[in-house]
Amino acid sequence: MRLLTSKRLVVVPALALALSAVPTAAHAGGGRTAGGGTEGSGKGSAKGPVITAETKVTTTVNGSSRTSGTSTLTPQNSNWTPPACWYEPAFSPKEIEATVKLWRGIDGVPFLGGVGKYVGDTLDAYYKDGEYKNYNLDKQGEGMFWAAVKNPNRKDDPEANSCDKPPFWVDEGNVPDEPLAVSPKILAEYAYDELPVPGTRIEMRPAETTKVNLPTWVWLDRTRFKKISVTASLPGTGLSATTTAEPVSLHIDPGTRDARTYPASGDCELNADGSIGAPYEPGRANDTPPCGVTYLRSSGSDGSYPLRATVTWKISWTSTTGESGNLPEGTFGATEDVTVQEIQSVNR
């Protein structure tokens, strides 16, 4: 197995002007069972200084077809984000050869005469007559060229361009010695980006409008806030990872210093039954809520306080290889405008 560490497939910067005219490259199959029916499951194109591909990783929510979520988690660790790019099996030898032919084909496009030949010659110097011989056609079905792919959720992230190696050969059954090669953990981290957690819609009593010094009860519906999982799989390889998010607490920021939260930290922990806080019941208006807030000052005749409710989710993952672990906790919050009025009384 050969892994490129220093050589680069160079395409002059001026070619960027021509990229929009480049035809879509050959469909790219992949996986450790390349040649066994997985070809045609991806799509590659020559964009920028290296040949890249579109990821073939698929995701399912809770083991079923993916449904749209309402929110995306923000990692509590601001120094960590899911990967913006990685390498995965992408091209068979025949598909690398077809990609070179597609580049040569753009010479028929007006104003681009000679560009296709230049790029084609550059690619051939690497995949036909250089690092590889005749595109490794004699190894068709015995491995794949692994190529850079971008996380579809992070294409605009500057780190998405950090996977800048040209496609490199990996024999079937081997894993390249490359930190950004697709792995169970990378799949788990990608699944993190796909977790469709529900929006943080809290229940409050009194709702929207409350009184100074009157406890406001806050809680979350346990049927809405429960574990949710996303499985990321690389077709044809048997490789997948399942990332699970579980709500663990609700943090209340009343939006003003003139308030008292319950508990004092503002962190309402998960109850044994999966709920957070407790629904208000008639007759308990003056009781101290297990999760809530008391405002000490009016918000004014035309004002309100921006109460921020943020749910923290614990993240863990497992995989088909037996590897597992935890990822940084994630949060998602929403703001409710709360009007606080003075209690009016009449003295006789």
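## Strand E7 and Trp-146

Trp-146 is part of strand E7 (residues 143-150); helices (H or I, at least four residues) and strands (E, at least two) are DSSP runs numbered from the N terminus. The model is predicted: local features need pLDDT of at least 70 and side-chain atom pairs count only at pLDDT 80 or more, while totals for chains, interfaces and linings use all residues. Residues are numbered from 1 along each chain as its sequence is written, and side-chain values use heavy atoms, with hydrogens and water left out.

With a relative accessible area of 3%, Trp-146 is buried (buried means under 20% relative accessible area, exposed over 50%, partly exposed in between, with a 1.4 Å probe and protein chains only). Trp-146 lies 5.3 Å from Ala-90, C-alpha to C-alpha, although 56 residues separate them in sequence.

## Aromatic pairs

The whole structure contains 11 aromatic pairs. Rings of Phe, Tyr and Trp (its six-membered ring) pair if their centres lie within 6.5 Å; planes under 30 degrees apart count as stacked, over 60 as edge-to-face and the rest as tilted. Tyr-132 and Phe-145 form an edge-to-face pair, with 5.2 Å centre to centre and 85 degrees between the planes. This pair links distant parts of the chain, 13 residues apart: Tyr-132 is in the loop between H2 and E7, and Phe-145 is in strand E7.

Both Tyr-132 and Phe-145 are buried.

Helix H2 (residues 115-127) has 13 residues, which at 1.5 Å a residue should span 18 Å; its end C-alpha atoms are 18 Å apart, so the two agree. The expected span is 1.5 Å times one less than the number of residues. Among the buried residues of H2 are Val-119, Leu-123, Tyr-126 and Tyr-127.

Helix H1 (residues 93-104) packs against H2 at an angle of about 160 degrees, with the axes 7 Å apart. H1 is therefore roughly antiparallel to H2 (angles under 35 degrees count as roughly parallel, over 145 as roughly antiparallel, 65 to 115 as roughly perpendicular and the rest as oblique). Axes are lines fitted to C-alpha atoms, for helices over the stretch in contact, and angles run from 0 to 180 degrees between N-to-C directions. The contact (heavy atoms within 4.5 Å) involves Ile-96, Val-100, Trp-103 and Arg-104 of H1, and residues of H2 including Val-119, Leu-123 and Tyr-127.

## Helix H3

Helix H3 (residues 184-194) is mostly covered, with 10 of its 11 residues buried. Among the buried residues are Pro-184, Leu-187, Tyr-190 and Glu-194.
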